[in-house]
Amino acid sequence: MTDNLSLDPEANINFLISTLKASPFSGPIADQLSLAPGVTFSLNPPESVAGTVTTGEGAVVKLQYQHPVRPNWFSLQMMLGGVDLSDKTHIGLVVKSSAPEARTFRACLRSSFDGSFVDCFFKKHIVSFAETSVHFDVISLAEAGSKVPTTASWRDLILFFGTKNSELTIQDIKVFTV
């Protein structure tokens, strides 16, 4: 997939997701590992995660990991671009996932402005079960206030994974604005 003809504010992230689903990759999870332009793992400390990541085969990512050292964070950052929310009231996401045992993870919207950034977590934890499940969550821009500026130099969708050894498959993610 090489062309993105969508002009929606969330087009960049949704294009990245469809690219991951169509691009086969398998390798060790590592800090700053780029799965595609704008899609990167962040581990702190870098040696806190040992495992593998697979993309393609119709899934965004498949993870198998252990924590030899307790991490401060283990995340997957996906670039949304400079999504302008001036005429929007909500930003949301839909995540389709599964895991052999119930696992939770969190989604966060990071917005950059004035040389800094601010994070706004979606309210609900994403829960993956043995049966494929679908998670839906939205951020009300009115309720979020200064945590989600209407304009930003750039925005990222960040998935923060748990600190327990795990297997997890994320089949799909869609970001939308209203």
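The entries below go from the sheet to the salt bridges.

**Entry 1: what I am looking at.** This is a predicted model, in which local features need pLDDT of at least 70 and side-chain atom pairs count only at pLDDT 80 or more, while totals for chains, interfaces and linings use all residues. Residues are numbered from 1 along each chain as its sequence is written, and side-chain values use heavy atoms, with hydrogens and water left out.

**Entry 2: the sheet.** I looked up the strand order and found an open sheet of six strands, E1-E4-E5-E13-E7-E11, with antiparallel pairing. I noted that strands are DSSP runs of E with at least two residues, that helices are runs of H or I with at least four, and that both are numbered from the N terminus; two strands pair if DSSP finds at least two bridges between them. At the edges are strand E1 (25–28) and strand E11 (133–140), each of which pairs on one side only. From one strand to the next the twist averages 20 degrees.

Entry 3: I then followed strand E4 (residues 50–56), which is joined by six bridges to the antiparallel strand E5 (residues 59–66). Within this pair, Val53 stands opposite Leu63 in E5. Helix H1 (residues 11–22) packs on the sheet and touches E4, E5 and strand E13 (166–177), where contact means heavy atoms within 4.5 Å. The direction of H1 makes about 145 degrees with that of E13; for such angles, axes are lines fitted to C-alpha atoms, for helices over the stretch in contact, and the angles run from 0 to 180 degrees between N-to-C directions.

**Entry 4: salt bridges.** How many salt bridges are there? I count six, taking a salt bridge as a side-chain nitrogen of Lys or Arg within 4 Å of a carboxyl oxygen of Asp or Glu. One of them joins the side chains of Arg110 and Asp119 at 2.6 Å, N to O. Arg110 counts as buried because its relative accessibility is 14%, and Asp119, at 24%, counts as partly exposed (buried is under 20% relative accessible area, exposed over 50%, partly exposed in between, with a 1.4 Å probe and protein chains only).

Entry 5: Lys174 forms a salt bridge with Asp172, their closest N and O atoms being 3.9 Å apart. Salt bridges that share partners join Lys21, Asp172 and Lys174 into one network.
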